[in-house]
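Please read the following points with the structure open beside you, and look up each residue as it comes up. The points go from charges over rings to ring pairs, then to salt bridges, the surface and the chain as a whole.

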Amino acid sequence: MGKGKKKKGVSMELKVPPKPDTWRKLPESCLKKLAEVGLCEIKDRMLKFIMDDWSCQQAKTTDRIGPFHISSYVPTFAFLCWRTKYPEFTELLKGSNQKEILGYIRNQLYHVICWAYASSDLVSAVKIIRKWEDRYIPLSPWYLSSNVDPSCLGKCKSAIPGHRCYEYTMARALAHIAKEGIPDECPEDCVFNCCENPPTSAKKTYIKHFLTFKKLEKALAHLHIQPIGASLIVFSDLVKPTEDIYYGPLSEKAVFVGYHGVDIVAIEIYRGELVALCKMSNGIEVANQGYVRVSLGVMYMPIFCDIPQAVDPTLRPLHLLSNFCCPYMDEAPSGDLKRKLNQDHGSETTKKPRHADEASSSKTPSDMDDDENKDVHRQEVKKTPKVLSRKAEKKLMAKEKKAEEKLLNKERRKQRKAEQKLLAKERKAKELLKKEQRSG
């Protein structure tokens with residue numbers, strides 16, 4: 001098939017529109033409240049003045065609870081936001097918690113590399129799940145920042161002047177790890193400098209491939225297997241030291257900042273609300289000791305943006321978390337972890353034990369030197385029998401199918417109850433009608 005021709009003068013690129021001229025048609029009380037606290041309610045019929053027909057229709061088709069709100073504390077951005085029903089099946093995931101295998105809270109400082117920290121921690125976690133490691137070993141985000149896309153170095157507008165770090169996606173980082181691998185974090189990484197090349201480590205970790213999920217429900221259905229990476233929309237109150245739930249634009253005086261790569265650790269009921277507990281990479285001074293509880297009952301759509309490419313465009317409403325992904329790795333041979341544990345035990349007399357607050361080591365406990373250790377992970381993957389790989393994949397598919405079946409069964413039960421209630425109401429109405437006819 002041939003490619004369709006673009007119409008002259010018509011751009012096919014999806015963009016967040018600039019501030020509409022009809023913005024002034026909003027009620028004065030609404031505009032006044034936006035100027036004071038940056039958040040106000042808006043009636044459904046007023047949406048046509050600030051959004052196109054498609055966006056209005058998409059916003060109205062969600063399972064909304066309560067009114068729509070406009071979030072616009074600064075004149076350059078505006079978002080439509082509202083509360084929505086929680087995904088029902090997430091109640092089943094409340095017991096899943098991947099916090100321990102994701103390791104300690106790291107700190108990216110003022111560098112724009114959250115995507116590198118979040119994706120590398122996902123790989124560290126899956127190495128434990130697949131029994132390649134028995135404990136969390138940090139991998140090198142510095143390596144990812146320097147090697148995933150060198151053409152972006154020094155070109156990021158949101159980076160501090162003089163820095164070479166840049167914004168990127170976790171999915172592309174995982175694609176690089178699958179192809180080129182990622183080394184362990186070196187002790188020198190504690191003095192991270194994005195303007196220099198990272199210290200090298202001989203041993204590299206590779207993943208087989210990675211998964212992406214477009215919808216929140218599908219991503220969370222996978223959470224009982226492993227942690228999930230996501231992009232979190234950031235407003236100014238995210239970094240405040242607090243145990244409160246993060247509502248994004250649905251908070252007063254919330255200023256849009258950008259997007260942040262995080263790892264979803266668990267689903268919780270917190271203060272009576274369903275939330276996703278997410279690990280960040282900004283040190284323990286932000287949010288709740290470096291973790292944030294993100295509301296799963298808030299959705300949003302951008303209304304306008306007067307700064308080019310600052311807000312990601314979307315055709316459909318989004319939750320605060322989006323762009324989900326996770327790495328996949330074959331399970332280690334059964335004898336590999338036992339051999340590694342024996343090596344760890346034999347090296348305890350010569351090596352100092354690792355603590356969470358100490359700089360991490362680049363070497364795994366082994367009697368081999370760096371040259372012999374160079375491609376150890378690749379060799380171990382090659383030794384994995386193909387039958388074991390198929391079994392692992394079948395097991396993964398079976399777990400996912402089981403989660404989907406639970407969700408379907410729950411929805412069916414809910415539908416039956418609704419039908420039974422409706423039938424009961426109809427019977428009562430008929431009985432009342434008969435009584436009225438008899439008395440008449």
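1. A charge is said to sit over a ring if NZ of Lys or CZ of Arg is within 6 Å of the ring centre and within 35 degrees of the ring normal. In this predicted model, the charged end of Arg293 sits over the ring of Tyr270, 4.1 Å from its centre. The charged end of Arg172 is likewise placed over a ring, that of Tyr168, at 5.3 Å from the centre.

2. Arg293 also takes part in a salt bridge with Glu268, in which the closest N and O atoms are 2.8 Å apart. This pair links distant parts of the chain, since Glu268 lies in strand β8 and Arg293 in strand β10 (residues 291-295), 25 residues apart. Both Glu268 and Arg293 are buried.

3. The aromatic rings deserve a point of their own, and a search of the whole structure finds 12 aromatic pairs. In one of them, the rings of Phe79 and Phe256 have their centres 5.4 Å apart and their planes at 45 degrees, so the pair is tilted. Phe79 belongs to strand β3 (residues 77-84) and Phe256 to strand β8 (residues 256-270), so that the pair joins distant parts of the chain, 177 residues apart. Phe79 and Phe256 are both buried.

4. How are the rings of Tyr166 and Tyr168 set against each other? Their centres are 5.6 Å apart and their planes stand at 90 degrees, and because an angle over 60 degrees counts as edge-to-face, this pair is edge-to-face. Tyr166 is buried, with a relative accessible area of 1%.

5. Turning to charged side chains, the structure holds 10 salt bridges. Arg83 forms one of them with Glu273, where the closest N and O atoms are 3.8 Å apart, and this pair connects strand β3 with strand β9 (residues 273-279), 190 residues apart. Arg83 is partly exposed, with a relative accessible area of 33%, whereas Glu273 is buried at 17%.

6. Another salt bridge brings together the side chains of Arg271 and Asp244, at 2.8 Å from N to O. Arg271 is in the loop between β8 and β9, and Asp244 is in the loop between β7 (228-235) and β8, 27 residues apart. Arg271 counts as exposed at 53% relative accessibility, while Asp244 counts as partly exposed at 44%. Elsewhere, Arg106, Asp121, Glu185 and Lys279 are linked in a network of salt bridges.

7. Trp54 is found in helix α2 (residues 53-60), and with 39% relative accessibility it counts as partly exposed.

8. His260, by contrast, is buried, with a relative accessible area of 9%, and its place is in strand β8. Leaving aside residues up to four places away in sequence, His260 touches several others, among them Gln108, Cys114, Met280 and Asn282.

9. For the chain as a whole, the secondary structure comes to nine helices and 13 strands, and buried residues make up 47% of the 440 residues. Among contacts with a separation of 6 or more, residues 24 or more positions apart account for 73%.

Methods: Residues are numbered from 1 along each chain as its sequence is written. This is a predicted model: local features need pLDDT of at least 70, side-chain atom pairs count only at pLDDT 80 or more; totals for chains, interfaces and linings use all residues. Side-chain values use heavy atoms; hydrogens and water are left out. Rings of Phe, Tyr and Trp (its six-membered ring) pair if their centres lie within 6.5 Å; planes under 30 degrees apart count as stacked, over 60 as edge-to-face and the rest as tilted. Helices (H or I, at least four residues) and strands (E, at least two) are DSSP runs, numbered from the N terminus. Buried means under 20% relative accessible area, exposed over 50%, partly exposed in between (1.4 Å probe, protein chains only). Contact means heavy atoms within 4.5 Å. A salt bridge is a side-chain nitrogen of Lys or Arg within 4 Å of a carboxyl oxygen of Asp or Glu.
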